[in-house]
Amino acid sequence: KNIFPDQAEPEALGGSLERFGIVKLNRLPTPATAGVYKITVIGVEGSLIPPGTTWKSLDNSTSPDKIFTNDNSFTFTGVTVGLLEIRALDLGAQARLIIDDQVQVTAPIANVDSFALVATIDTNPTEAESYEEYRDSVIQAYREEPEGGSRTDYKKWSRDEPGVRDSYPYVKDGFP
């Protein structure tokens, strides 16, 4: 069963699927990633938001009741509004936020507003690649030979990006 990629099982089950993937794709299945966001925080000059502060998304947000944390400290110096980077503690799209979603600090901080709005999305969360999706990518890599910039190459290059399942490149009429 494990001599060809179409029926190979994952290594966790004693199979060889990842070995085929390393040979043809030069990678393992892509893991899930956490979302990274910048939130608008309001506070009094001199107030400090320590690293490791946790924030919880509100019930009316895209992913309610999820926990986020900031990895760096933030001090209000000369401003009362600032941007703070937070990341989701849960991996994948289950902890996704969009612009204008609200989060609330889980433990009050002196002279800092408890609520903050998502201002920008730095990194969109992605789901982990399933073994079936990985197997399909491996099989496609065996079927499609590189041709130096052809349609096949563009499809392969785009599938190397996490979260991209397929692409449909085309040539515009009258252009090389």
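Mentor: One term before we start. Two strands pair if DSSP finds at least two bridges between them. Also, keep in mind that this is a predicted model.
Trainee: OK. So which residue in β6 is the bridge partner of T40?
Mentor: L83 is the partner of T40.
Trainee: How many bridges join β1 to β6?
Mentor: There are 7. Strand β1 covers residues 36-42 and β6 covers residues 81-88, and the two run antiparallel.
Trainee: What holds strands together in general?
Mentor: Strands of a sheet pair through backbone hydrogen bonds.
Trainee: And what do the strands close into here?
Mentor: A barrel of 6 strands, in the order β1-β6-β4-β3-β7-β8, with antiparallel pairing. On average, neighbouring strands of this sheet are turned by 45° against each other, ignoring direction.
Trainee: Which residues of α2 are buried?
Mentor: Y134, R135, S137, V138, I139 and A141. The buried residues of α2 pack against α1, residues 17-25.
Trainee: Now K155. Where is it?
Mentor: In helix α3, residues 151-159.
Trainee: Is K155 buried or exposed?
Mentor: Buried, because its relative accessibility is 10% and the cut-off for buried is under 20%.
Trainee: What is K155 in contact with, leaving aside neighbours within four places in sequence?
Mentor: K155 contacts E144, D166, S167 and P169.

Terms used. Residues are numbered from 1 along each chain as its sequence is written. This is a predicted model: local features need pLDDT of at least 70, side-chain atom pairs count only at pLDDT 80 or more; totals for chains, interfaces and linings use all residues. Side-chain values use heavy atoms; hydrogens and water are left out. Helices (H or I, at least four residues) and strands (E, at least two) are DSSP runs, numbered from the N terminus. Axes are lines fitted to C-alpha atoms, for helices over the stretch in contact, and angles run from 0 to 180 degrees between N-to-C directions. Buried means under 20% relative accessible area, exposed over 50%, partly exposed in between (1.4 Å probe, protein chains only). Contact means heavy atoms within 4.5 Å.
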